[in-house]
Amino acid sequence: MISAALLFAFACYTLGLIFNLWRITRGPDAADRILALDTMVINVIALLILYGILEGTAVYYEASMLVAMVGFVSTVAYCRFMLRGDIIE
Amino acid sequence: MTDSSNFLVIIALLPFLGALLPGVMIRAGRTACAWFTAFPTALALLLLLVLAPAVMRGETIHAEIEWLPQLGLTASFMLDGLSLLFAGMILGIGLLITLYARFYLSGNDPMGVFFTYLLLFQGAMLGIVLSDNILLLLIFWELTSLSSFLLIGFWSHLPEGRQGARMALAVTGAGGLAMIGGMLILGDIAGSYKISEILQAGDAIRASDWYIPALILILLGAFTKSAQFPFHFWLPHAMAAPTPVSAYLHSATMVKAGVFLMARMWPALAGTDAWFYIVATTGLVTMVIGALIALFKDDLKALLAFSTVSHLGLLTMLLGIGTPFAAVVAVFHIINHLTFKAALFMTAGIIDHETGTRDINRLGGLRRLMPVTFVIGTIAALSMAGIPLFNGFLSKEMMLDAAHDTTWAGNPLIVAVLATVGALLSVAYSLRFIWHVFFGPVRDDYPSKPHDPPFGMWAGPAFLATLVVVIGIVPAAIVGPLVAVAGGAVIGDAEMPYYSLKIWHGVNAALFMSIIAVVGGLVFLALHGGLNRIWNALPRPEAKAIFDWIVAQVAALSRRVTEASHNGSISRYLAILIVASVALGAVAFGGSGLATPSREMLPVSLPVLAGWLMLIVATGSIVVMHHHRFRALVLIGIIGLMISFGFVFLSAPDLALTQISVETVTIMLLLLALHFMPKSTPRESSGLLKLRDGVIAIAAGGGVGALAYAFMLRDVDTISGYHLENSYTGGGGTNVVNVILVDFRGYDTYGEIIVLGIAGFVIYALMDTLLNGPAARRLRNTDYAQNRSRDRHPLMMVVATRVMMPIAVMVGVYIFLRGHNQPGGGFVAGLVISIALLMQYMASGFAWTQNRQRVEYHALIGIGALVAGLTGAAAWLYNSPFLTSLYGYVELPPIEEFGIGTAFLFDLGVFMTVLGAVMLMLYSLSRIARYAGEPINVDPMDYDPKQAIVDEKGEV
């Protein structure tokens, strides 16, 4: 049961990733791209956790936590660049 | 090692250790500074005197420390008669110069710097004369060139000083380069780089086919250093140095290094026709030309400089003659020249110091105004002229004697005649020095009122002048034993010739030559005015102009070569590099053929396929969209994310953590820079060029892909197994990646963090230069503030990052602490903490965060590198190699027993360096905005909500 659920979840998030990719390449706006990249990070976190469940190890939880943290920071940096130009002022 | 050997090593090291003192002691005043310069010199001299009796008995003291035995390089020193003579001169004159310089330098001169340079030079010079290994000697030889460059250019505000220093460095440096070649050949012939062994192999060396090249190369080094014709021109230009430097380097020590080298190598190289014709002829020509120019120089120091050139020529000629007698005379003249020439230079310095000029035409009549200086200067100059009762006379007589016995290309007269001419000119310029400076009427137009200097300034030259007289009258008693033992060291195994150090040798040829010289010299002095007019009317080559022309030509040539091969287009460099790699790869692929694949392809899962698709699409999109820089950055973000994801999937969590952190920091760096750059890349390449680049890129990418594919299908022996087996037992950690980083390959990591630290400093320095240059003006005049959001530091961001800070730091610390056994370690932790700090910079502003910074990032880099280095060095205490780690278990009551090793400390160093370097880079880049006129705010938010409430209440 759990393996079937995992497979389904993998498929969903993978599809999500591909949609994100579409948004990033097509735009049309810089904000769309940034949001899509941020969502992509979230999807990757989800995939990591699913993979951790599949393998039965906790190592990936920590990795996903770090990805979440730095993903947030990159998004903030991209946004600041768009809004203010200078990211540290 | 015995006590004597230890003493010898200490003597060689003392000046270098002492060089650390003056720079510090200058804070305690100029006199204290001079005392602390004199202290190491005096101590070294004392130790030398302790060793002297043994050397005078004929022993040679050796000391040896292994350095790089594989290269034949050992730090070996020896002290024989010749070394003793030179070391004594270097240290003794060093003391006198220290005293003299204390009074010579003005209050505006940085005396601590001067004495530091002086001691460095002294150490280098001592190293040359004490070395028992030619490679070590070469190192010290180059050090004298460098330290003399610093000393000659000491008055760096004077253009002559800078030019003179550069010329001296170029000429002596080029000679040194030639000498390296010569010494390596010599060591190869002799089969050893040890001087004592080379000297034993003299016959083999002289018989070798490589004797002539080695000889010429070594002599180039010696001739440039000792200012022999045609390399003599740098010495007068080096006179722009402060007089203590001229007196020390250009009369007593450095210029004698070439002579020392010829004397040192005399048993191995001398005695052949080649040696005689090259060395003796050069010396003879230099002696005459130097003396001739000296006669017509009006600048006191230039006169003395050319006289030094002439006397160095004399010494070279004596060594070149190749008979033991001439060699011993050379040793004796080295002592005599040292005493009178150093005294004369100091006298010239005193005259310059007290009258404000050293132009002979503006001097005269000083004998009544400066009686003490007059006496010292006259004694020394009479000795230089070779007048009886002064020491210069004795060695000049012996020189003329040696010249008289020398036949040049079958002609028995030519050497004797030219030597007499040299002596005659020497008398003329020496007497001119006395006559035109001290005699004649007292003038009333000296630039400042002349008077005798304080005692400290004339004490040194007075001591030397006393030596001149004492040696002149009772030579055998004073310097007889020293000449014997030093001369014996020069001539090696040859039989000691008969000579006697006394004033009256009876009526012989040398006496007549001497009489001709003195009478002729007086005639020349009387006719000087007329001769001077003729001399000035004659066309003469100007050495400085020629030198400048050559330098300009060489610079132009190298610029042409550089411009032809480096046109500044990075795509061209990359094309060359990559095409070459691909070609090599193709050759290797086609070469021996591949083994048959031994592995099956793995099934492709859905996320992997998606990841692969994303990488391909993102890469392709960058190719299409790279002109739009911001979009390219976002696409790069995808690639970074997917690579990290791939690392996780392929069971490399350490790499994934590092990759994702590096990715974030890189994005921020690029965004910071992009703000001040055009937002799109210009279109430069033509269609054809794009095609070329595309083909190259596909070939390279495809090649690497094929390589990876080929490897992954085959079982290859790797060193991974070794690391896996030994990680816990050898390195005390279960995280193999971290154990490799901090233990197995700790040396690499140590190098890498230092490179990283340097990169941080370089970015800081470049940015500093940039912001103080024209770029800063352009920045100030550009308005970047168009159409921007008004809220610089949104409240939500400030609060969110403030809350995240402790969590992020805890994650960082956690990752660091567990790094040795589970994914993590110093490198990742450094990145994580720096990201946590960067969040504060972004959210709360530059100034607010900067105010809360306690440790400078520069310092952090330094401390980190130091901690890592000391941890590595601690292994030496246990007689283990650098970076050997120790491991043990510790029990602290509240926590469970845990393992800890020195690797932990090393990792701490890595952590601090990474943190410092990353922060320094981002800090440097974010400084640009401040220069562009961006205002800063010390408060965390532009808008204070508390203030708003007060305002509202106020309204109510």
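This is a predicted model: local features need pLDDT of at least 70, side-chain atom pairs count only at pLDDT 80 or more; totals for chains, interfaces and linings use all residues.
Residues are numbered from 1 along each chain as its sequence is written, while chains are lettered from A and ligands numbered from 1 in the order in which they are written. The mean pLDDT (the predictor's confidence in each residue, from 0 to 100) of chain B is 85, and 96% of its residues reach 70 or more; for the complex, the predictor gives an ipTM of 0.93 and a pTM of 0.71.

**The interface between the chains**

Next, colour the two chains separately and look at where they meet: 44 residues of chain B are in contact with 39 residues of chain A, contact requiring that the C-beta atoms of two residues, placed from the backbone, lie within 7 Å. On the side of chain B that touches chain A, at least two residues each come from α28, α29 (629-649), α30 (653-674), α36 (795-818), α37 (826-844) and α40 (902-931). That side of chain B has 32 nonpolar, eight polar and four charged residues, where Ala, Val, Leu, Ile, Met, Phe, Trp, Tyr, Cys and Pro count as nonpolar, Asp, Glu, Lys and Arg as charged, and the others, Gly among them, as polar.

Now select α1 (residues 2-26) of chain A together with α28 (residues 606-625) of chain B, whose axes come within 9 Å and cross at roughly 5°; axes are lines fitted to C-alpha atoms, for helices over the stretch in contact, and angles run from 0 to 180 degrees between N-to-C directions. The two helices are therefore roughly parallel, a label for angles under 35 degrees, with those over 145 counting as roughly antiparallel, 65 to 115 as roughly perpendicular and the rest as oblique. Among the residues making this contact are Phe10(A), Leu17(A) and Leu21(A) of α1(A) and Ala610(B), Met614(B) and Val617(B) of α28(B). By class, the contact has ten nonpolar, three polar and no charged residues.

**A helix pair within chain B**

Move to α36(B) and α37(B), whose axes come within 9 Å and cross at roughly 170°, which makes the pair roughly antiparallel. The residues of their contact divide into 16 nonpolar, five polar and no charged. Staying on α37(B), all 19 of its 19 residues are buried, and the helix is followed by Gly845(B), whose phi is positive, near 100°.

**Loops of chain B**

Finally, select Pro230(B), in the loop between α10 (211-225) and α11 (234-237), where a cis peptide bond with omega of about 5° joins Phe229(B) to this proline. Leu389(B), in the loop between α19 (371-385) and α20 (391-404), has a positive phi near 80° and counts as partly exposed, with 14 C-beta neighbours inside 10 Å. Ala409(B), in the loop between α20 and α21 (414-438), has a positive phi near 50°, and its 10 C-beta neighbours inside 10 Å make this residue exposed.

Note on methods:
Helices (H or I, at least four residues) and strands (E, at least two) are DSSP runs, numbered from the N terminus. A residue is buried if 20 or more other C-beta atoms lie within 10 Å of its own, exposed if 12 or fewer, and partly exposed in between; C-beta atoms are placed from the backbone.
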